[in-house]
Amino acid sequence: MSRKALAKTIVLVLLLLPAGAFFGMACQNINQQHELLLALDKDMVRGLAELLLAVAVVAVVGGLAAALVRPIWICFVGFAFSALAAFFAWELSLASGIPALIYFVVGALYCRGVAEALDNRLKFSVEAMSGSQSTLLAGLAIAASVSLYFGYAAKIEEQGFELPPAIGDMITEFSMVPMTAQIEARADLTAEEEEALAAQMSVGFDQWMTSMEEMIEPYERFVPVAVAFMLFQFLAVINALFFWVPIVILAVLFPILTALGVAKETTETREAVRLSLG
């Protein structure tokens, strides 16, 4: 490998580090806002958008490395350091090490799949990368969901289960607000009676919320599993709908890199071996 090719390889591998760190920070952000996932709060929507952007960045940068970096073991090393960057962007714990390990494994499988697909084609095409990219996107969705699970499970183990305030506010908006409006609309009640009835209704609502938490408490260990599964299902749907976006970006980037001299087309002559009747 020439010095020029070595320098380009190092740059591509180094690009995996900020991509991994960005993905780790996005997962950590979702982890800290796990309760809002049930209510789809605007902050959670912003966090989900950031996570999707991080997944796209990893897919694009990983695609560049998988297609251009050779030998393939260098790409494996790049994803290993990218996984470490994601790990340090999460919190330093055994729980965050598991999603980081998943990130590395799917990244390595992606690199190998892309390399094999491109080697089996007579002409370079980004279409050959689409199959392996599905594996990468699914793996990133699993890593993010596992990270969310461990974060939520640790909080429940430490503090016990409580209905998220956002959920309580949403229930209040859909139940208490209409009932309060009905009380205020009654002409047969005095102001004191309206206030007393509203206070009584508020006490009953608080008791109902408390009883709901008590009902869920014996099964609280399953709540993080359900929330993590919800996140995975959401990411799976988005990946199914927009899996083509990183491929389109790569299809635009490769000609640009070729025109700039970063990449070049090479022609190889191969000896074909066929089996026929003797």
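1. Basis. Residues are numbered from 1 along each chain as its sequence is written, and side-chain values use heavy atoms, with hydrogens and water left out. The model is predicted, and local features need pLDDT of at least 70, side-chain atom pairs count only at pLDDT 80 or more, and totals for chains, interfaces and linings use all residues.

2. Helices H4 and H5. Two packed helices are described by the angle between their axes and the distance between the axes. H4 (94–119) and H5 (residues 130–159) pack at an angle of about 180 degrees, and their axes are 9 Å apart. They are therefore roughly antiparallel to each other (angles over 145 degrees count as such). The contact includes Ile98, Ile102 and Val106 of H4 and Leu136, Leu140 and Ala143 of H5; contact means heavy atoms within 4.5 Å. By class, this contact has 14 nonpolar, seven polar and no charged residues. Ala, Val, Leu, Ile, Met, Phe, Trp, Tyr, Cys and Pro count as nonpolar, Asp, Glu, Lys and Arg as charged, and the others, Gly among them, as polar.

3. Helices H1 and H3. The axes of H1 and H3 (residues 72–89) come within 7 Å and cross at roughly 30 degrees. H1 and H3 are therefore roughly parallel to each other (angles under 35 degrees). Among the residues in the contact are Val13, Leu17 and Gly24 of H1 and Gly78, Phe81 and Ala85 of H3. Eleven nonpolar, six polar and no charged residues take part.

4. The largest pocket. Its space is about 1,400 Å³. On a 1 Å grid over the protein atoms alone, a pocket is an open set of points with protein on both sides within 12 Å along at least five of seven lines, and lining residues have an atom within 4 Å of a point. Of the 28 lining residues, Ala67, Phe124, Lys264, Glu265 and Thr266 are the closest to the centre. H1 (3–32), H2 (42–68), H4 and H9 (244–259) each supply at least two residues of the lining, and H1 gives the most, with five. The lining divides into twelve nonpolar, six polar and ten charged residues.

5. The second largest pocket. Here the space is about 150 Å³. The lining includes Leu52, Leu137, Phe242 and Pro246. H2, H8 (223–242) and H9 each supply at least two of its residues. Which classes make up this lining? There are nine nonpolar, one polar and no charged residues.

6. The cavity. A search of the whole structure finds one cavity of 30 Å³ or more; a cavity is a set of points where a 1.4 Å probe fits but cannot get out. The largest cavity holds about 60 Å³ of space. Its lining includes Gln28, Trp90, Glu91, Pro99 and Phe150, and H1, H4 and H5 are the elements that give two or more residues to it. By class, the lining has four nonpolar, six polar and one charged residues. Pro99 and Phe150 also belong to the contact of H4 with H5.

7. A cis peptide bond. Most peptide bonds are trans. The bond from Arg70 to Pro71, however, is cis, with omega near 0 degrees. Pro71 lies in the loop between H2 and H3. Helices, as used throughout, are DSSP runs (H or I, at least four residues), numbered from the N terminus.

How values were computed. Points joined across faces, edges and corners; volume = space filled by probe spheres on them. Axes fitted to C-alpha atoms, helices over the stretch in contact; angles between N-to-C directions. Parallel < 35°, antiparallel > 145°, perpendicular 65-115°, else oblique.
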